[in-house]
Amino acid sequence: MRLSITGIKKGKNDNEPTPSYLLKEIYDEFKIIFDPCPHNPTFDGLATPWKKRNYCNPPYSKKQLWIAKALEEQKKGNMTVMLLPVDTSTAWFQDKIMPNCEVRWLRGRIKLDNGKHPMYASMLAIFNGKHKV
């Protein structure tokens with residue numbers, strides 16, 4: 001299970017890595033060079049400078065912190081592709097994602113490497129500098 005920087009367990013939806021098939025597609029299309037939020041982190045991705053092309057599957061219980069960091073990095077000219085749950089009625093989606101990102105809706109529920117499916121449908125939020133920040 002992913003642990004927070006302080007070692008406290010995250011929410012139950014925070015423990016699954018990105019499915020390998022989806023991760024390969026994202027890395028291939030976007031030429032990703034850095035993951036600031038790997039499944040088993042050895043560093044604090046929120047305090048670390050990100051690279052030019054990033055991929056992030058944040059802990060869903062802390063997604064707003066990671067979205068804020070992606071917006072900061074976008075202002076620096078860095079691109080981030082973020083895997084997020086679809087939740088269009090929330091303030092974070094309305095205020096942070098819609099005006100600042102390209103959104104790609106993933107059809108159906110993604111299939112995790114363990115054969116299970118997450119509770120939510122998923123989307124990719126692409127912080128690419130083509131939207132206002």
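Reader: Cysteine 101: buried or exposed?
Author: Cysteine 101 counts as buried, at 4% relative accessibility. Buried means under 20% relative accessible area, exposed means over 50%, and partly exposed is in between, using a 1.4 Å probe and protein chains only.

Reader: What kind of model is this, and what are the ground rules?
Author: This is a predicted model, where local features need pLDDT of at least 70 and side-chain atom pairs count only at pLDDT 80 or more, while totals for chains, interfaces and linings use all residues. Residues are numbered from 1 along each chain as its sequence is written, and side-chain values use heavy atoms, leaving out hydrogens and water.

Reader: Ok, back to Cys101. Where is the place of that cysteine?
Author: Cysteine 101 is in the loop between helix 3 and strand 3. Helices (H or I, at least four residues) and strands (E, at least two) are DSSP runs, numbered from the N terminus.

Reader: How many disulfides does the structure hold?
Author: Zero disulfides, a disulfide being a pair of cysteine sulfur atoms within 2.5 Å. For cysteine 56, the nearest cysteine sulfur belongs to cysteine 37 and is 4.6 Å away. Cysteine 56 is buried, with a relative accessible area of 0%.

Reader: Switching to the fold. Which elements are there, from the N terminus on?
Author: The elements run α-β-α-β-α-β-β, giving three helices and four strands. The four strands form an open sheet with mixed pairing, in the order 1-2-4-3. Two strands pair if DSSP finds at least two bridges between them.

Reader: Which strands stand at the edges?
Author: Strand 1 (53–56) and strand 3 (102–105) do; each has a single partner strand, so one side of each is left without a neighbour in the sheet. On average, neighbouring strands are turned by 20° against each other, direction ignored.

Reader: How do strands 1 and 2 pair?
Author: They pair in the parallel sense, over four bridges. Tyrosine 55 has valine 81 as its bridge partner in strand 2, and asparagine 54 stands opposite threonine 80 of that strand.

Reader: How many residues of strand 2 are buried?
Author: Seven of the seven, so strand 2 is largely enclosed by the rest of the structure. Both of its faces are covered, with Met79, Val81, Leu83 and Pro85 on one side and Thr80, Met82 and Leu84 on the other.

Reader: What does helix 2 lie across?
Author: Helix 2 (residues 63–75) lies across strand 1, strand 2 and strand 4 (122–127), running at about 160° to strand 2. For such angles, axes are lines fitted to C-alpha atoms, for helices over the stretch in contact, and the values run from 0 to 180 degrees between N-to-C directions. The buried residues of helix 2 pack against strand 1, strand 2, helix 3 and strand 4, and among them are Trp66, Ile67, Ala70 and Leu71.

Reader: And how far does helix 2 reach from its first C-alpha to its last?
Author: Helix 2 has 13 residues and reaches 19 Å, close to the expected 18 Å. The expected span is 1.5 Å times one less than the number of residues. Glycine 77 follows helix 2, with a positive phi near 90°.

Reader: Nice. How many residues has the largest nonpolar core?
Author: That core has 18 residues, and those with the most contacts inside it include Ile67, Met82, Trp92 and Ile97. Helix 2 gives the most, with four residues. A nonpolar core is a set of buried Ala, Val, Leu, Ile, Met, Phe, Trp, Tyr and Cys residues joined through side-chain atoms within 4.5 Å. A second, separate core of 14 residues includes Phe30, Ile32, Tyr55 and Val81.

Reader: What does isoleucine 97 touch?
Author: Leaving out residues up to four places away in sequence, isoleucine 97 touches Ile67, Leu84, Trp92, Val103, Met123, Ala125 and Phe127. Contact means heavy atoms within 4.5 Å.

Reader: Last one: what is phi of lysine 31?
Author: It is near 55°, a positive value in a residue other than glycine. Lysine 31 lies in the loop between helix 1 (20–30) and strand 1, and counts as exposed at 54% relative accessibility.
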